[in-house]
Amino acid sequence: MSGPSNRDRNTVRPAALAVALALMAWLLVVVLIRQQPPDPRGLDAPPEQFSAGRALAILEEMQADGVPHSVGSEAGERVQARIVAALQAVGYDAEVHETVACRSDSGAYAACAPVRNIVARLDGREDGPALMLMAHHDSVRAGPGAADDSSSVAEIVEIARALRKGGPYRNPIIFVATDAEELGLLGAQGFVDDHPWAQDVAVVINMEARGTRGLSYMFETSAGNAWLIDAYASSVRRPASSSLHYEVYRIMPNNTDLTVTRQAGMAGFNFAFIDRGSHYHTPLDRLENLDPRSVQHQGESVLALVQELAERDLSAPRPGDADWTDLLGFVTVHWPAAWTIPLSIAGLS
């Protein structure tokens with residue numbers, strides 16, 4: 001039997017090349033689209049959903065002065081009063097918890113300051129371990145902190161409002177806007193050391209911003225994270241996360257309020273959007289530079305995760321560590337961390 005002629009092979013190859021190029025172009029378009037945050041929901045979004053429009057309205061009020069609001073400043077006290085009012089407006093008995101906190105980090109620095117954390121609570125159907133949602137309300141002196149981290153505080157208020165529409169949930173949910181994060185994580189330390197609710201907390205979701213746009217990445221978990229990743233994979237509709245993100249983050253000289261709660265033995269997650277990092281800790285961290293799509297992505301992801309964890313048994317989490325990655329934001333795949341090296345070797349063989 002004779003094989004295909006040279007002419008046949010020459011006609012097949014251009015067609016195969018065209019198909020391959022078309023598939024590559026399609027894949028590139030999909031990748032570019034999936035690298036963009038979702039469109040923001042407006043003020044008319046259903047009440048049980050997260051709306052960037054509503055969160056930004058809260059943020060505009062918080063940022064009314066448009067000036068830095070560092071710890072101990074008069075501008076900071078005005079921002080705190082607006083956060084309390086915003087939480088009260090959506091049905092919470094918010095209050096300011098005042099204490100003095102001190103913290104040193106591996107001997108590199110030590111700091112003490114009076115701090116004013118804002119706290120609120122949504123009771124659960126059961127008295128048991130609580131879930132805590134956390135962000136910091138202070139800014140650096142160099143910039144007004146619209147993204148870092150007032151946007152996250154506004155997202156907490158919008159999430160707290162939505163949760164009242166969907167509850168009551170099995171587990172209590174605590175909301176904390178910490179002070180003096182920029183001074184050395186002092187507000188979080190003050191909450192852990194001095195607030196009675198800290199004894200109730202089993203798992204923490206911390207929200208940050210290291211830029212003014214982009215996808216919100218879940219970039220850090222605590223140890224024994226298999227059950228945490230399972231909850232994330234089960235709930236977040238548009239995942240953006242990988243255990244590689246955490247490995248990169250671990251070698252960087254950065255800490256967040258989650259560092260404090262991890263050291264206190266609480267499980268947890270860290271979320272942040274990081275694009276336009278040139279705006280971080282500068283006068284460019286302003287409301288007009290903040291992408292509403294990033295607010296939408298972070299807020300809707302965290303709301304979904306809160307709703308998932310609020311119905312889970314937090315008293316006896318499944319042990320074990322996991323590695324994970326999202327696949328173009330469509331789904332999160334995860335596996336036991338012990339499998340990672342054998343899987344890598346098999347993939348190279």
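Modeller: Begin with the word contact, which here means heavy atoms within 4.5 Å. Keep in mind too that this is a predicted model.

Biologist: Which residues is Ile173 in contact with, leaving aside its neighbours within four places in sequence?

Modeller: Ile173 belongs to strand β4, residues 173-178. Beyond its sequence neighbours, Ile173 is in contact with Ala120, Arg121, Leu122, Leu131, Leu163, Val306 and Ala310. There is also a C-alpha to C-alpha distance of 8.8 Å between Ile173 and Val201, which are 28 residues apart in sequence.

Biologist: Does Ile173 count as buried or exposed?

Modeller: The cut-off for buried is under 20% relative accessible area. Ile173 counts as buried because its relative accessibility is 1%.

Biologist: What is the general idea behind a nonpolar core?

Modeller: In soluble globular proteins, nonpolar side chains tend to be buried together. In this model the largest nonpolar core has 61 residues, and Leu163, Phe175, Ile205, Phe269 and Leu309 are those with the most contacts inside it. Helix α4, residues 146-166, gives the largest share of this core, 9 residues. A second, separate core has 16 residues, among them Leu185, Ala188, Val192 and Val204.

Biologist: Which residues does Phe269 touch?

Modeller: Not counting residues up to four places away in sequence, the list for Phe269 includes Val203, Val204, Ile205, Met218, Leu258, Leu305 and Leu309. Asn206, Glu220 and Thr221 are also among the residues that Phe269 touches.

Biologist: Which elements each supply at least two residues of the lining of the largest pocket?

Modeller: They are β5 (201-209), β6 (213-221), α7 (243-250) and β7 (267-275). The largest share, 3 residues, comes from α7.

Biologist: What volume has the second largest pocket?

Modeller: Its volume is about 170 Å³. Of its 13 lining residues, Asn225, Tyr246, Glu247, Asp321 and Ala322 are the closest to the centre. Two or more residues of this lining come from each of α7 and β8 (322-326), and α7 has the largest share, 4 residues. By type, the lining of the second largest pocket has 5 nonpolar, 4 polar and 4 charged residues.

Biologist: Where is the place of Asn225?

Modeller: Asn225 sits in the loop between β6 and α6 (226-235). Asn225 counts as buried because its relative accessibility is 5%. Its side chain makes a polar contact of 3.0 Å with the side chain of Thr221. Not counting residues up to four places away in sequence, Asn225 touches Gly320, Asp321, Ala322 and Trp324.

Notes:
Residues numbered from 1 in each chain as written. Predicted model: local features only at pLDDT ≥ 70, side-chain atom pairs only at ≥ 80, totals over all residues. Heavy atoms only, no water. Core = buried A, V, L, I, M, F, W, Y, C linked by side-chain atoms within 4.5 Å. Buried < 20%, exposed > 50% of the residue type's maximum accessible area, 1.4 Å probe, protein only. 1 Å grid on protein atoms, 1.4 Å probe; cavity = no way out; pocket = protein on both sides within 12 Å on 5 of 7 lines; lining within 4 Å. Points joined across faces, edges and corners; volume = space filled by probe spheres on them. Nonpolar A, V, L, I, M, F, W, Y, C, P; charged D, E, K, R; others polar. Polar contact = N/O pair within 3.5 Å; in protein donor to acceptor, adjacent residues only side chain to side chain.
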